[in-house]
Amino acid sequence: MQRQKTVPAVADQPSARPGSPREAGPSTLLLSLAALPFIGFLVGVTFVNRVTPFIFGFPCLLAWVLLWIVLTSIVMGAIYRLDPDNAIKEEVEQ
Amino acid sequence: MINVPLLIIGAMAVVALYLGLRARKGRQMGLEQWAVGQRGFGSFLVFLLMAGEIYTTVAFLGGSGFAYGRGAAVYYILSYPCLAYVISYWLLPPIWRYAKQHNLVTQASFFAEKYDSPALGVLVSLVGLAALVPYLVLQFKGLGIIVATASNGVVSPALAIWIGAVLVAAYVSISGVHGAAWTAVLKDIVVLVVILFLGFYLPLHHYGSFSAMFAAIEDAKPGFLSLQQSGTSLVWFDSTVLLAGLGFYMWPHTFSSLYTARDHRVFRKNAIILPLYQLILVFVAFVGFAAILKVPGLQASNVDLSLFRLSIDTFDPWMIGLIGAAGMLTALVPGAMITMAVATTVANNVYRVVNNNADDGSTARLAKLLVPVVTLVAVYFALTANNTIVALQLTGYSLITQLFPALLLSLLPNNPVTKVGVFIGTAVGVTTVAVFGFGYLHLQQVLPGLPQAAYEVNVGFVGLVLNVVVLAIAAAAGRAGEKNRLATGRYPE
């Protein structure tokens, strides 16, 4: 019963997605870059979960978190630069 | 005698109301114009609407209160948005494109359209409401604290909540998202200045330098500035950061604010700048840290007062007024966005499903009529609730992130899960949160004997895992059914 109902939904889907340029998905390089902040924030903190040594006067863990906020911005900048999708669009604009 | 802080806060409220009402100028407020600004907002307004999400009372009072009460646990507020921004680079453009193609104005419509199921739209609406109401409540609760404390008790929290609610209802009904956008500009400017000032001034004034402040805290409370062995532990931190990072854009009002964009490129550029923009939140944590040794002894939900208590001990009344005004704006703007999302969702995704004949005009009228109703409900809870601000926010996140797996799957070229699977998965996740998160049951009672760390996992994360398990089973079942159909050559009609 339930499966019957779902068939139209599945059949509708292709028409709902007219040829998107990013169908191929992001490359491995971009995804590896994107994984870095996750590793930094989720895995990295387990190694630096301490107050001392103070780094530039900041407790160790806080310094780590601040570092990764800045690195996240840099990583996203790199992804933006490296993503061929953005290059194509900018050419079209000019 | 003139109450200076109250005067300044009042003046700022008038300016906010003026901006909010003026934003309507010369526009016919149809549903699409009212709710998503006819999809015509440039990068600046979109940036502020979406970035503004992090400068709410959660950040302002909750952040400093949490730093004061729990120390290093507050770093979660700095961390999870970063993960959300990384995801946003790929997540937001396809959502925006699809919403534009289908003229969507709410988050629930996105699910209903993708899964071809108005019923799923209703479920998503309900999850959204369940998460948004506590979130709206905490904005009003924050507002009450701010005005009452800043005015030195002249205005009671209850009265402040009522006045704030009337302001929000007025400008949201009249100007919709345009009103919220223009007050967001004012809010971000005022709040940034105030946070930066407090974050620098209070530690330097009371301790001489940042490092002296941290050293003093470490002396008095060793280990407070690292995550604890139990309670707010590493496991808690990781599960909370991941949960909130995934859920960041799942809030119905955030989701629909991305519809306002004129162009999808803005989302990708935002992903580069936003981490730095929210770095400023660290100064909120500094305020809370500074308060630890200077105004000790605040307990339970009173920790949310730490910023104000320390400020009152430090500054002249006019500065308290300015801080109060900034705080009021952090409550009003998100309050407006949330109220609007709730009203639009109920009108568009619940009322319309019940009453098939409703056209755009009557839906828009109903949405606007619902604004005061939603506000009243939130006022009621704000007057009765007794949780800390951060606790309310995390409850909301636990619920709202349950929508993330279904959203992600719906963006795949071939979604392996049907609406039935999504329905069950989401329901399982939300139920888990409701049962364990609201304290009806504790995980220890159901699964005794696990290592202590297992009980420190954020309950929303537990729900998310069960949710994904259900979806995986549904996907596997779907694939088996597909094979079966291919083998027999029979398709159900």
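Helix axes are lines fitted to C-alpha atoms over the stretch in contact, and the angle between two of them runs from 0 to 180 degrees between their N-to-C directions. The model shown in these views is predicted.

**View 1. Helices α4 and α14 of chain B cross at roughly 90 degrees.** Two packed helices are described by the angle between their axes and the distance between the axes. Here the axes of α4(B), residues 57–70, and α14(B), residues 306–314, come within 7 Å. Angles of 65 to 115 degrees count as roughly perpendicular, and α4(B) and α14(B) are therefore roughly perpendicular to each other.

**View 2. Residues where α4(B) meets α14(B).** From α4(B), the contact is made by Phe60(B), Leu61(B), Ser64(B), Gly65(B) and Tyr68(B). On the side of α14(B), Ser306(B), Leu307(B) and Phe308(B) take part. By class, five of the residues in this contact are nonpolar and three are polar, with no charged residues.

**View 3. The contact between chain B and chain A.** Chain B gives 53 residues and chain A gives 48 residues. Together the two chains bury about 4,600 Å², with 69% of this area on carbon and sulfur atoms.

**View 4. A salt bridge between the chains.** Arg268(B) pairs with Asp85(A) in a salt bridge, and their closest N and O atoms are 3.1 Å apart. The count of salt bridges between chain B and chain A is one. Four residue pairs are in polar contact between these chains, counting pairs with both residues at pLDDT 80 or more.

**View 5. The side of chain B that touches chain A.** Elements giving two or more residues to this side include α5 (75–101), α12 (265–279) and α21 (459–488) of chain B. The largest share, 14 residues, comes from α5(B). By class, this side has 32 nonpolar, 11 polar and 10 charged residues.

Methods. Residues numbered from 1 in each chain as written. Chains lettered and ligands numbered in written order. Predicted model: local features only at pLDDT ≥ 70, side-chain atom pairs only at ≥ 80, totals over all residues. Heavy atoms only, no water. Contact = heavy atoms within 4.5 Å. Buried area = accessible area lost by both parts, 1.4 Å probe. Salt bridge = Lys/Arg side-chain N within 4 Å of Asp/Glu carboxyl O. Polar contact = N/O pair within 3.5 Å; in protein donor to acceptor, adjacent residues only side chain to side chain. Helix = DSSP H or I, 4+ residues; strand = E, 2+ residues; numbered from the N terminus. Nonpolar A, V, L, I, M, F, W, Y, C, P; charged D, E, K, R; others polar. Parallel < 35°, antiparallel > 145°, perpendicular 65-115°, else oblique.
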